[in-house]
Amino acid sequence: MLSKVFATIAVVITGGLLLYGVYDFPSFGDPNSPPNAGVEGGGESVSQYFITNTYKDTKVPNMVTAVLADYRGYDTMFETVVVFAAGVAIFCIMRVVGNANDPRKKEEEESVHSFTYGDHNRIIIGTTCRVIIPVIQLFGLYVIAHGHYSPGGGFQGGVLLGSSFILLALSSDLNSALKRFSEYNYFKLAAVGILIYAGFGLASQFLGENFLDYGVLQPLLFTDGPEMARSHSMLGVEIGVAFTVMAIMFSIYANLASHGTLKDGL
Amino acid sequence: MIISIISAIFIGTGIIFFAGAAIGIIRFPDFYTRTHAAGKGDTLSSLLVITGFAIYQLNGFESFSENWPILLVILKLLGVSIFILFTSPTATHALMDAGWEECSKPKIKEGRPNHLGEDSDQF
């Protein structure tokens, strides 16, 4: 009870600070705000700069992807870290490891035997999911790889890939999904995703430029110019984001659905 | 012109079925009949509307070498409709299955013959 009071106070304070921060923003659609009109005496506005220069700088037609993964790539990297931290937090709160006296564990162990798989007929759901899960995964890969040209990218494709595993866990049971994508593997994959992102940043730093300044990766990626190097690095970065998002999506589902025991689940 | 009319017929029929599904969800008496209205109506009407969109795309089609991107759009729309054809009935089935597991009771008039007792002893 007391912990709930403290949690409520913490949430209210955090929310208040966030709302206080929003006051500094210009009002919606304000033509005189810095993004629309530019800083006083500072030349063209930010929006105008992106509209004019995105294709010239990066050869990426989808401006949103270019801004997200290149111009503000540092921010996006830590967004991915936030996703990873959310997964680790859920793991720390929910996961039941080894403690035999935990009441939740005993309860779950009893329920394993009461759950019978042939209880109701799941042949229709099982068959359909077996057919459409590969299609969903293929579409997820398409969304990741096509993020430069159409709406999409790492976050969206990662969510699609993660939801395909969640669908597998829902249609059969959690154990058969964990057999294909175990706890060890999904946390490894989540960390590898962030490593890929940070690796692109470090590689450009080693070649003598700023962190995440992809243009200098041109000799490593065998491209025609720094613009194409930026374009290709963005794809690599998106793949890293997709790894993390996919793994963390599934980890959150697995922990929440089974009360942290990773047994039979819903 | 004729393509537009055909696609309008498809989309209009789809919207009529959508309306039927919406009315069915509100007016039917119990969980199973409502789910049945939603599943059947939504599936058919989505298929009809998306097929209507696909036919409408044919409007500007003159030669394959110039207008092939239109075929790409049609292919994507047909892919969406096939996806709905598979998933929507399955989702309805899963919903009804969950309702049956939770012992949602079908509404049957007094004295009408039914097979509930033979199939399951949960009621």
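Colleague: Which residues make the nonpolar surface patch of about 790 Å²?

Modeller: Patches are built from residues with over 30% relative accessible area and no salt bridge; like charges are joined within 9 Å, and nonpolar side chains (Val, Leu, Ile, Met, Phe, Trp, Tyr) within 5 Å. Here the patch is made by Met1(A), Leu2(A), Val5(A), Phe6(A), Ile9(A), Ile13(A) and Leu17(A). Before we go on, a word on the basis: this is a predicted model, where local features need pLDDT of at least 70, side-chain atom pairs count only at pLDDT 80 or more, and totals for chains, interfaces and linings use all residues. Residues are numbered from 1 along each chain as its sequence is written, chains are lettered from A and ligands numbered from 1 in the order in which they are written, and side-chain values use heavy atoms, with hydrogens and water left out.

Colleague: Where is Met1(A) placed, and is Met1(A) buried or exposed?

Modeller: Helices are DSSP runs of H or I with at least four residues, strands are runs of E with at least two, and both are numbered from the N terminus. Met1(A) sits in the segment before helix H1 (2-22) of chain A. For accessibility, buried means under 20% relative accessible area, exposed over 50%, and partly exposed in between, with a 1.4 Å probe and protein chains only. Met1(A) counts as exposed because its relative accessibility is 77%.

Colleague: How many salt bridges are found over all chains?

Modeller: We call it a salt bridge when a side-chain nitrogen of Lys or Arg is within 4 Å of a carboxyl oxygen of Asp or Glu. The whole structure has four. One of them joins Arg230(A) and Asp70(A) at 3.9 Å, N to O. Arg230(A) lies in helix H12 (residues 226-257) and Asp70(A) in helix H4 (residues 63-71), both of chain A, so this pair ties together parts 160 residues apart in sequence. Both Arg230(A) and Asp70(A) are buried.

Colleague: Which residues are linked in a network of salt bridges?

Modeller: Arg72(A), Asp75(A) and Glu79(A) form that network. Arg72(A) meets Asp75(A) at 3.2 Å and Glu79(A) at 2.9 Å, N to O. Arg72(A) counts as partly exposed because its relative accessibility is 31%. Asp75(A) is partly exposed at 41%, and Glu79(A) is partly exposed at 31%.

Colleague: Now the interface. How many residues does the contact take from chain A and chain B?

Modeller: Contact means heavy atoms within 4.5 Å. The contact takes eight residues from chain A and nine from chain B. Buried area is the accessible area (1.4 Å probe) that two parts lose on being put together, summed over both. For chain A and chain B that comes to about 760 Å², 73% of it on carbon and sulfur atoms.

Colleague: How many salt bridges does the rule find across this interface, and how many residue pairs in polar contact?

Modeller: Zero salt bridges cross between chain A and chain B. One residue pair is in polar contact, both at pLDDT 80 or more. A polar contact is a pair of N or O atoms within 3.5 Å; within protein, one must be able to donate a hydrogen and the other to accept it, and residues adjacent in sequence count only if both atoms are side-chain atoms.

Colleague: And what elements does chain B have?

Modeller: Chain B has four helices and zero strands. Buried residues make up 28% of its 123 residues.

Key. Areas by Shrake-Rupley, 256 points an atom, 1.4 Å probe, with all protein chains shown as cover.
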